[in-house]
Amino acid sequence: MRIGFVGAGRMGRPMVTRLLAAGHEVRVLARSPDRRTGITGLGAVAAPDLEAVAAHADAVVVCVFTDDQVREVCLDGGLAQAMPPGSVLIVHTTGSPDTATALAAAAPDDVLVADAPLSGGPHDIAAGRLTVMIGGDDTTVTRARPVLSAYADPIVHVGPLGAGHRVKLVNNALFTAQIGLIAEAVRLAADLGVPESALMSALPHASSSSRALAGVAARGSVAEFRSSVGDFVRKDVAVARALAAGLGVELGVLDAAIAAAETSAGSR
Amino acid sequence: MRVGFIGLGSQGGPMARRIVEAGHPTTLWARRAATLEPFADTPATYADTPAALAARSDLICLCVVGDEDVRQVLSGPDGVLAGLTHGAVVAVHATVHPDTCRELAKTVAAAGGTLIDAPVSGGSMGAAAGTLLVMAGGPAEAVRRARPVFDSYANPVVHLGEVGAGQTAKLLNNLLFTANLATARSTLALGAQLGIGPDRLGEVIAHGTANSFALGRVVSGGGSLDRLAAHAGHLLRKDVGLVADLAAAAGADPGVVLSTADATLAMMNHPR
């Protein structure tokens with residue numbers, strides 16, 4: 001297939017490599033000469049602008065960092081409007097379900113749009129085992145699969161357009177709540193005479209274990225871990241809160257635990 | 001190191017077997033002879049009383065059930081303390097109150113030995129596989145001496161602090177696990193309100209950053225806590241209550257982790 005690509009960074013670069021290895025022709029947005037050299041070095045074609053990325057593409061993959069950048073590229077930059085008839089636009093960037101809807105509205109009627117947030121890192125992409133939660137109708141997901149399968153497994157179809165974002169935000173809300181609970185458990189442990197380092201050597205091996213707990217243990221402390229994931233988490237939790245509020249949905253017990261994660265480390 | 005082991009139930013049985021198989025000379029005692037039958041094919045020897053067991057052991061492991069069982073097996077004319085040799089280590093594997101360990105540590109010290117608390121996590125399968133977690137509390141020297149024996153069924157063995165700290169860590173684990181159940185349950189409910197079915201959401205989160213042991217239990221229970229409540233509700237309520245008592249006694253604010261664990265107990269219809 002002929003695939004356009006925007007956002008060949010830390011995550012995007014190994015995706016491009018895997019797409020090329022799967023036999024696809026890949027055109028990557030590269031505006032500066034330096035970027036062009038890097039892209040052609042991978043074996044991909046360097047596209048000077050968004051129109052060249054979209055031209056004759058069967059699919060375009062967007063893997064920029066923020067939801068705002070998605071809007072800049074796809075709406076203000078005209079990528080959605082430039083998509084050829086019958087092509088599919090796949091957005092990996094975590095953001096608001098509203099952005100996914102706005103892209104579908106801006107794209108021509110015969111262009112398919114999928115929101116496809118990720119779970120995993122560059123090493124998962126390189127190994128072809130990235131988790132993708134995809135939102136879109138059945139036709140869209142069927143068309144996106146051959147592209148995603150170059151680097152993703154499992155590809156979980158979670159619902160209509162926007163559902164991928166919803167699932168990712170719910171995941172991140174729970175992740176943040178777990179950090180809050182771990183922070184509180186660590187504080188309580190210290191008050192009861194058990195130091196954080198000792199507790200973190202034990203709990204990852206017991207029933208309270210979680211990915212978040214393993215992350216804290218690997219970083220050595222809740223404070224360290226929180227500062228390493230803080231920006232991602234803050235951004236997504238704000239979107240999740242706004243989403244829940246907009247739908248009149250309660251976060252329930254997650255609310256207090258998330259609040260505990262948001263208060264600064266060791267402030268009490 | 002000569003080992004004595006008391007408490008050959010579903011948890012202690014596989015632990016004792018691993019100790020024997022690792023080549024440590026081991027003495028067993030059980031209230032009922034039938035309990036010892038599975039060890040007939042091993043080099044383990046048997047004692048008539050806990051005192052007789054203690055008399056020929058450098059490390060005495062107690063894997064009985066509760067606080068009262070630990071006290072009983074230690075005390076009286078036939079108890080462990082009556083036969084304790086100078087310098088012996090008594091390891092309490094049972095999950096009991098940290099204060100019980102601190103109090104009994106004094107009694108054991110008066111008899112010339114050292115008590116350490118060493119509650120375990122991982123069940124009979126963890127013991128049989130040698131992957132049990134041991135949360136040890138007590139003097140570093142006593143933990144160091146017991147470690148080669150613990151290593152026969154455990155990995156890792158973590159030294160948490162002074163006597164009682166192992167029990168405190170185990171209780172904190174059970175508190176955090178209980179709290180994790182409420183956030184997992186609420187997340188699945190939130191997903192349902194956003195139009196995402198619990199099975200799909202469970203599949204994605206299992207691959208995602210928010211995965212947890214607790215979430216796996218909730219998903220395997222069909223998104224409900226009912227099954228878990230039926231077999232673990234009482235235990236979790238007891239342990240959450242113990243942490244609340246510890247926090248109150250220490251003047252510590254138990255905070256959100258306790259209120260969230262309480263939310264779980266309420267969802268389970270086992271309020272504290």
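A residue counts as buried if 20 or more other C-beta atoms lie within 10 Å of its own, exposed if 12 or fewer, and partly exposed in between, with C-beta atoms placed from the backbone. Before you start: this is a predicted model, where local features need pLDDT of at least 70, side-chain atom pairs count only at pLDDT 80 or more, and totals for chains, interfaces and linings use all residues. Residues are numbered from 1 along each chain as its sequence is written, while chains are lettered from A and ligands numbered from 1 in the order in which they are written.

**Exercise 1.** Work out which residues of helix 5 of chain B are buried and which are exposed on the other side.

Step 1: find the helix. Helices (H or I, at least four residues) are DSSP runs, numbered from the N terminus. Helix 5 of chain B covers residues 98-110.

Step 2: check its length. The expected span is 1.5 Å times one less than the number of residues.

Step 3: list the buried residues. They are Pro98(B), Cys101(B), Leu104(B), Ala105(B) and Val108(B). Because they cover an arc of only 120° around the axis, they sit on the same side of helix 5 of chain B. (The arc is that of the directions from the helix axis to the C-beta atoms.)

Step 4: look just past the helix, where Gly112(B) takes a positive phi of about 95°.

**Exercise 2.** Find which helix of chain B gives the most to the side that touches chain A.

Step 1: count the contact. Two residues are in contact if their C-beta atoms, placed from the backbone, lie within 7 Å. Chain B puts in 53 residues and chain A 49.

Step 2: pick the top contributor. That's helix 8 of chain B, with 18 residues.

Step 3: sort chain B's side by class. Ala, Val, Leu, Ile, Met, Phe, Trp, Tyr, Cys and Pro count as nonpolar, Asp, Glu, Lys and Arg as charged, and the others, Gly among them, as polar. You get 30 nonpolar, 20 polar and three charged residues.

**Exercise 3.** Say how much of chain A is buried and what its C-alpha trace spans.

Step 1: of the 268 residues of chain A, 58% count as buried.

Step 2: along its principal axes, the C-alpha trace of chain A spans about 65 × 45 × 30 Å.

Notes
Helix = DSSP H or I, 4+ residues; strand = E, 2+ residues; numbered from the N terminus.
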